[in-house]
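Open your viewer and get ready to click. We will go from the whole chain to single side chains.

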Amino acid sequence: MLFAVTMDVAIPHDLDPDVRADTLAREKAYSQDLQRGGEWISIWRCVGQYSNLSIFDVADNARLHEILWNLPLFPYMTIAVTPLAQHPSDIAAG
C-alpha cells in the first residue's frame, strides 16, 4: 500500500541540546534503515519549512502506524497521511 505522508516538525526551542542531537541522530538512522529496506521509498524537503513529504510502500495501515509511532521525532510532529491509488491516466501504469 502506498501512502503520502507529510511530517511537520516543531522541536521545542528549550529542548536540551544533547537530547536534541541524540533524537536527530536516531531519527536519521531509523529513516535511512527504512529507506534501505524499501518501505520509505522517497523523502522530499518542503522548501522553507521544517517539513517533509514522504512516500511509504508498506503492507498495511498497521505497519505505517507502527513506523510513524516509532519515529524518534514523533512527539514533535504533526502528521498527515494520504492513501494513494494508481491514477487511470498514468502512462507509466501501462
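The stops below start with the overall fold and end with charged pairs.

**Before you start.** This is a predicted model: local features need pLDDT of at least 70, side-chain atom pairs count only at pLDDT 80 or more, and totals for chains, interfaces and linings use all residues. Residues are numbered from 1 along each chain as its sequence is written, and side-chain values use heavy atoms, with hydrogens and water left out.

**Stop 1: the whole chain.** Show the protein chain as a cartoon. It has two helices and four strands. Their order from the N terminus is β-α-β-β-α-β. Helices (H or I, at least four residues) and strands (E, at least two) are DSSP runs, numbered from the N terminus. The C-alpha trace spans about 50 × 25 × 20 Å along its principal axes. Of the 94 residues, 29% are buried. Buried means under 20% relative accessible area, exposed over 50%, and partly exposed in between (1.4 Å probe, protein chains only).

**Stop 2: Leu71.** Select Leu71, in the loop between α2 (61-69) and β4 (77-84). Is Leu71 buried or exposed? Leu71 counts as buried, because its relative accessibility is 2%. Now show what surrounds it. Leaving aside neighbours within four places in sequence, Leu71 is in contact with Met7, Glu27, Tyr30, Trp40 and Met77. Contact means heavy atoms within 4.5 Å.

**Stop 3: Leu2.** Go to strand β1 (residues 2-9), where Leu2 is found. Leu2 is partly exposed, with a relative accessible area of 36%.

Stop 4: Side chains of opposite charge can pair when their charged atoms come close. The structure holds four salt bridges. A salt bridge is a side-chain nitrogen of Lys or Arg within 4 Å of a carboxyl oxygen of Asp or Glu. Select Arg36 and Asp33, whose side chains meet in one (3.3 Å, N to O). Both lie in helix α1 (residues 17-36), three residues apart, about one turn of the helix. Arg36 is exposed at 63% relative accessible area, and Asp33 is exposed at 52%.

**Stop 5: a network.** Which residues are linked to Arg63 in a network of salt bridges? Glu39 and Glu66 are. The closest N and O atoms of Glu39 and Arg63 are 2.7 Å apart. This pair links distant parts of the chain: Glu39 is in the loop between α1 and β2 (40-45), and Arg63 is in helix α2, 24 residues apart. Glu66 and Arg63 meet at 2.9 Å, N to O. Both lie in helix α2, three residues apart.
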